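Colleague: Please take a close look at the inside of this model for me. Keep it brisk, and connect the pieces as you go.

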Amino acid sequence: MNSPRQQLGMRSYTGPARWPSEKKLATPVILAMLVLMPMLFGDRQGFEGDGLAMLFGMNQFEILGRAGVYRYHWQPLSYELLAAIAPWLNKPFALTYVAQGLGGAGLALLYLLLARMLKAAPYARCMALVLTLSVSELWVTTLYFNTTALALPFVIGALLAMHMGCTPKIRPGLMCLSGALMATGCLFRLDFAVFVPVLLVLPRFWAVQSRLRLFLLFAAGGLATVGIFLAWQPHFIPDAAAILQRYGEGEFEVTMMYRVKIVLFALGPALVVLPVLWWTTRPWKAAYADQSFDKTWLLYWLALLPTLVPLRNLYSGKYLVPFFLGLVLAVAQAVARNCRTTKTTSIQLSAHGRQQLGVVVATASLAALALIGVPTAEALKKNPLTAWAADPLVVGTHDGARSAGAYISYLKQMDSFELPQSSVRFYKQLSEVVGQCHHDLTVVMSPVEKYGNNEWSWGWLPLYLMQQDWRLAEYRAGQFARLEQASTGHQVRIVGHEQGAPAGERHVLDMSLIGLREDYAFWTDAEHWIQNPATRAVCDNPQ
């Protein structure tokens, strides 16, 4: 009588035994977790300036129009969708739920795609979940309001539709849908246009025949969608090109070390997880057959090169989200290929042990980095034992702070409003001071063009006041705004520095008193000014 191991060697290896209900329960639970995580733990108070500018524009879209909002032509469908939803919500920041819900849906679709790609691998669902969460920038992006999160489910939905349209048989309708979804995702956030070449190469991995037909079907769906949009907005391309030129010139000058730091913080656990999963499933000697994909891999990496363009002047990891998606797909494709091309059952058994080890190490690394990270030097001196979990090092980026591990603590800091940019924190504090005034008030904006005298940040204070049930009565960006509080009848006027407060006005918050610094320390001075008793006394003075 053969031993159980010998009996196993006599038949095809099918992976570890599972309880009958495991397959039915695991996927819905994972999908629900991924969708709900951003909505449960994400930001509700403001995280970075671009998000505040877009939230204001979407809530006042009917008044401001496309030309009056912040960079409409870089995210046109984001504005159109959320501007249509905004009147149905009672608070401006309620739109954050929409962005977080769509971002979470994008993560769920990424998990489904990876699980489908890895179905021949042991522990496919666990591996797919680890890969989904391995690049911290992908899920951090879903935690706060931004249009990359809004575009994510359309872009990843395009990938999933393409995979389903290629395997196991060609489905023309799904390929057309893939092209339409990708074009829609780009119109939600134009950054994703650099990811299109990757989708043109993927059918070479996923389909075994009619690749030219698949390419044409995908292109037809995408071009039809773009054509319909341009028929609706024929002047879109020149306006979008103007924004693209500003992006190309760079809004900030950053050092090479700063760019490296941003990339490392954005990758996070992927620095360990991706190499481990690739290493433990790589071909060993003659263990794997079929080495025919070399040319396709070369095409894939060439197609991924446009996603690295932001590295030239990188000041936020969010601009590398298309590259990170391509990197995760590459590792998943390599793992899937290695797991399905083993020659014999004995080799399958040997490979399974390494693959199991890889999944365990990758999962343990992800879990460890969720709990502990690299602490700041000051925190380590004060609390050498707890600092690893409670005070992770953060790097400030154009799109908010990013953490060096200890992601549980990072989520707590986000919930307690410890992580937003200094400019965001200042305007929230200013709105609270204004809201506590028991009389009419005038706010004079700073004369510093970069920080107070520009159109895109003029909506920040009105946005926070609208969140406190003030109503916007008048608004001319960069010139004048007037808000009314329905419950008291009080008014606040926001004026430019050149106009100044009306003669004889007693209650004035003059931001020119902050100073004229043009570096980021301006916001440190601004927070000192708003905390100054003399500033707060403006609202304490009787009518």
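Modeller: Arginine 189 is buried, and so is aspartate 191. Buried here means under 20% relative accessible area, exposed over 50%, and partly exposed in between, with a 1.4 Å probe and protein chains only. The model is predicted: local features need pLDDT of at least 70, side-chain atom pairs count only at pLDDT 80 or more, and totals for chains, interfaces and linings use all residues. Residues are numbered from 1 along each chain as its sequence is written, and side-chain values use heavy atoms, with hydrogens and water left out.

Arginine 189 and aspartate 191 also pair up. Their side chains meet in a salt bridge, 2.9 Å from N to O. The term asks for a side-chain nitrogen of Lys or Arg within 4 Å of a carboxyl oxygen of Asp or Glu.

The structure holds 3 of them at 30 Å³ or more. A cavity is a set of points on a 1 Å grid over the protein atoms alone where a 1.4 Å probe fits but cannot get out; lining residues have an atom within 4 Å of a point. Its volume is the space filled by probe spheres on those points, which are joined across faces, edges and corners. Ala, Val, Leu, Ile, Met, Phe, Trp, Tyr, Cys and Pro count as nonpolar, Asp, Glu, Lys and Arg as charged, and the others, Gly among them, as polar.

Now the second largest cavity. About 60 Å³ of space lies in it. Among its lining residues are Asp43, Gly46, Phe47, Glu48, Gly51, Leu52 and Leu55. Phe93, Thr96, Tyr144 and Phe145 also belong to this lining. By class, the lining of the second largest cavity has 6 nonpolar, 3 polar and 2 charged residues.

Helix 3, residues 49–59, gives the most to that lining, with 3 residues. Helices (H or I, at least four residues) and strands (E, at least two) are DSSP runs, numbered from the N terminus. An α-helix has 3.6 residues a turn, so residues three or four places apart point the same way.

The start of helix 3 is capped. A side-chain oxygen of glutamate 48 lies 3.0 Å from the backbone nitrogen of aspartate 50, at the N-terminal end of the helix.

A search of the whole structure finds 12 salt bridges. One of them joins arginine 402 to glutamate 137, with the closest N and O atoms 2.9 Å apart. This pair links distant parts of the chain: arginine 402 sits in strand 2 (residues 400–403) and glutamate 137 in helix 8 (residues 136–140), 265 residues apart. Both partners are buried: arginine 402 has a relative accessible area of 4%, and glutamate 137 has 1%.

Arginine 482 and glutamate 474 form another salt bridge, at 2.8 Å from N to O. Arginine 482 is buried at 17% relative accessible area, whereas glutamate 474 is partly exposed at 30%. Salt bridges with shared partners join Arg471, Glu474, Arg476, Arg482 and Glu484 into one network.

Last, the cysteines. The count comes to 1 disulfide, taken as a pair of cysteine sulfur atoms within 2.5 Å. Cysteine 437 and cysteine 539 form it, their sulfur atoms 1.6 Å apart. Cysteine 437 lies in the loop between helix 23 (422–435) and strand 3 (441–444), and cysteine 539 in helix 26 (residues 533–540), so the pair ties together parts that are 102 residues apart in sequence. Cysteine 437 is buried at 4% relative accessible area, and cysteine 539 is buried at 7%. Cysteine 186 is buried as well, at 9%, while cysteine 176 is partly exposed at 28%.

Note on methods:
On a 1 Å grid over the protein atoms alone, a cavity is a set of points where a 1.4 Å probe fits but cannot get out, and a pocket is an open set with protein on both sides within 12 Å along at least five of seven lines; lining residues have an atom within 4 Å of a point. A polar contact is a pair of N or O atoms within 3.5 Å; within protein, one must be able to donate a hydrogen and the other to accept it, and residues adjacent in sequence count only if both atoms are side-chain atoms.
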